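Me: Please show the sequence and the structure, and then take up some questions about them.

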Amino acid sequence: MKASAPGWKLWLLLIPYAGLLCVPLYNFREPALFGIPFFYWYQLAWVPIAAGLTWLAYRSVRDEG
Amino acid sequence: MKVDMAALAVFVFFFLLITVMGFAAARWQRPKTLAQIDEWGLGGRRFGTWITWFLVGGDFYTAYTVIAVPALVYAVGAYGFFALPYTIIVYPFVFAVMPKLWQVAKDNGYVTAADVVHGRYGSRALELAVAATGVIATMPYIALQLIGIATVLKALGLSGEVPLIAAFAVLAVFTYSSGLRAPALIAFVKDTMIYIVVIAAVLLVPSKLGGYGAIFAAADQAFQAKGAGGILLSASQETAYATLALGSALAAFMYPHTLTGILASQSKNTIRKNAALLPAYTLLLGLIALLGYMGHAAHLQITSPNDVVPALFKTLFPGWFAGFAFAAIGIGALVPAAVMSIGAANLFTRNVWKAYIDPGADPAREAQVAKITSLVVKLGALLAIVFLPTQFALDLQLLGGVWILQTLPAVVFGLFFGWFRAPALLAGWLAGFAGGTALAWVNGLKPLQALPLGHASVTVYIGLLALAVNILVAAIVNLVPLKRVSHA
């Protein structure tokens, strides 16, 4: 991992861990979305967010080969 | 049980289709020869982004997942959903670690994690520990895929062991002849079918059951009536949920079958791109998990939670579509089972056979030994399922997760820093392996341990606890002056 300018983007990879491993942050029912309790749609929403963050990290290191 | 002919016909059609594909795969991407372990066991390390996406997706999200995750959600509720955070946070780890591992393997022609460990530390003992752990953790995993096939065969009304043995004979023979190319090619069919099935289920089932609100309400009522489980976690389940997700994520790519998919990629960027693209399967898994609650809303009468998905499809869909869904699950078992047997065979060939029995083996000989080992491994799994109680495979698979996690320090740490020495890592592995097994044993083969914390207690995943012990012991042994351990 380079310490160069885009290197900070690799820290983005830690965000999903914070968002998903702090379970008390999301272990409740309301607000529900289309009848789906918060607990479920919150975690499902992390799928595209985590994928997006990983894509940003990829763009910052892809030239390293 | 009545056999639904439409369902059976669709099922048999797709099984025949993938049988033909499995044999044709030997000619796919035309290798000069398959008589080389790199070609047979890693597909020549030429799989680009899309092939890797289908292969790793088809291999990591197994048929057993499609059966067992909804079954757990059906039985206990929110707790069973831990598979979702697990399969999200696994990918940043893959992104950070696997390109480095791939590079080391590519540069040195390594085929297994144990090869990488031997190359890094020059320790045959540590190599053997990693290889043996990989093989014994994988065997029960293959057996679980058989349980997946057996579940859908039962739902089709096919009883007895003959259909199961026939399905596995097909798998064994095409893996033998085509190597990793067979599951890679079949994964295209399997994954496409699973996507169709799940999207159809998620769009159509809620309208038949009165919407998601009604589905969650039905599940909530069922748990309250039962007095156990719930659609939210109890306070004491929260740390169990988080540590299970983290521990499983760290363990997932230590397994030989997932690593085989990684090492077969074409480049580091193939792996990085896949870390961003594979979460599409996680979304699918989250939706599959919700099928467990749909089972409550549909008021299914089932004897085992494992029957919830097959029963749901049989109840709510026409026979031909149920047959399509069952074929997707059945084929979904063959892809990971093939890759698992290849990964285990590679480990045995490179790190046991070549290391101890036949050091002069050339690549052609290696490929031959690996092909035969893959047959033996699958036969072992089949015999275990036919002759031993199913619970035995389930317990072993659970322990397998604890065990494979103990290889992480040896496999991963050396990629980033050189402080640990082989004897220390071996001592750590032993402590984690033995300690984790003992803890699981005293907890009645459950993966969770309650720890006192002040006057409360928190419940944590034993695999993660054992990993902490593993690293601690390794650090302490590593601090012992070199003189005393230099001959260890």
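A:Arg59 is partly exposed, as 13 other C-beta atoms lie within 10 Å (a residue is buried if 20 or more other C-beta atoms, placed from the backbone, lie within 10 Å of its own, exposed if 12 or fewer, and partly exposed in between). This is a predicted model, in which local features need pLDDT of at least 70, side-chain atom pairs count only at pLDDT 80 or more, and totals for chains, interfaces and linings use all residues. Residues are numbered from 1 along each chain as its sequence is written, while chains are lettered from A and ligands numbered from 1 in the order in which they are written.

Me: In which helix is A:Arg59 found?
Reply: Helices are DSSP runs (H or I, at least four residues), numbered from the N terminus. A:Arg59 belongs to chain A, in the helix of residues 38–61, α2.

Me: How far apart are the end C-alpha atoms of helix α4 (residues 63–76) of chain B?
Reply: The expected span of a helix is 1.5 Å times one less than its number of residues. For the 14 residues of α4 of chain B this gives 20 Å, and the end C-alpha atoms agree, being apart by 20 Å.

Me: How are α7(B) and α20(B) oriented to each other?
Reply: Helix α7 (residues 124–155) of chain B packs with helix α20 (residues 422–442) of chain B at about 30°, their axes being 9 Å apart. Axes are lines fitted to C-alpha atoms, for helices over the stretch in contact, and angles run from 0 to 180 degrees between N-to-C directions. Angles under 35 degrees count as roughly parallel, over 145 as roughly antiparallel, 65 to 115 as roughly perpendicular and the rest as oblique. The angle therefore makes α7(B), relative to α20(B), roughly parallel.

Me: Which helix gives the largest share of the side of chain B that touches chain A?
Reply: Residues are in contact if their C-beta atoms, placed from the backbone, lie within 7 Å. The contact takes 28 residues from chain A and 31 residues from chain B. On the side of chain B, helices supplying at least two residues each include α5 (83–108) and α10 (211–226). The largest share, eight residues, is from α5(B).

Key:
Two residues are in contact if their C-beta atoms, placed from the backbone, lie within 7 Å.
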